[in-house]
Amino acid sequence: LAQTSRQFVAEFEGGDTPNPNTTIASGIESHPPANLAYGNDSKVDRQSYSLYGQATWRAADRLRLTLGGRLNADRYTDRSFNF
């Protein structure tokens, strides 16, 4: 299973806050406006793998032994930039 999520946040304060329908300037990270209170640009990648196995051995007419195992491997990468 693989999943990627992306989030961009720009929080403004004061009376000159842009209208939410206004496009944010492309250089906001390197040249933030004076009324920018907080900014974050993040990309998160998640990958998960699992393997499961089970075996049953009949030891006698009324006795069975069952053995099982599971292996999980998870990877999480968060590339975040606050401005």
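L63 counts as partly exposed in this predicted model, because its relative accessibility is 44%, a value between the limits for buried (under 20% relative accessible area) and exposed (over 50%), with a 1.4 Å probe and protein chains only. The residue lies in strand β3, which covers residues 63–82; strands are DSSP runs of E with at least two residues, numbered from the N terminus. Together with W57 and L65, L63 forms a nonpolar patch on the surface, and the three have about 330 Å² of accessible area together. Such patches are made of residues with over 30% relative accessible area and no salt bridge, nonpolar side chains being joined within 5 Å, where a salt bridge is a side-chain nitrogen of Lys or Arg within 4 Å of a carboxyl oxygen of Asp or Glu.

V44, found in strand β2, counts as buried because its relative accessibility is 9%. When neighbours within four places in sequence are left aside, V44 is in contact with Q3, T4, S5, Y76, T77 and D78, contact meaning heavy atoms within 4.5 Å. The C-alpha atoms of V44 and Y76 are separated by 7.3 Å, although these residues are 32 apart along the chain.

G14 is found in the loop between β1 (2–12) and β2 (36–60), and is exposed, with a relative accessible area of 58%. From C-alpha to C-alpha, G14 and G53 are 60 Å apart in space, and 39 residues apart in sequence.

Residues are numbered from 1 along each chain as its sequence is written. As the model is predicted, local features need pLDDT of at least 70 and side-chain atom pairs count only at pLDDT 80 or more, while totals for chains, interfaces and linings use all residues, and side-chain values use heavy atoms, with hydrogens and water left out.

How values were computed. Helices (H or I, at least four residues) and strands (E, at least two) are DSSP runs, numbered from the N terminus. Patches are made of residues with over 30% relative accessible area and no salt bridge: like charges are joined within 9 Å, nonpolar side chains (Val, Leu, Ile, Met, Phe, Trp, Tyr) within 5 Å. Accessible areas come from the Shrake-Rupley method with a 1.4 Å probe; for residues, only the protein chains shown count as cover.
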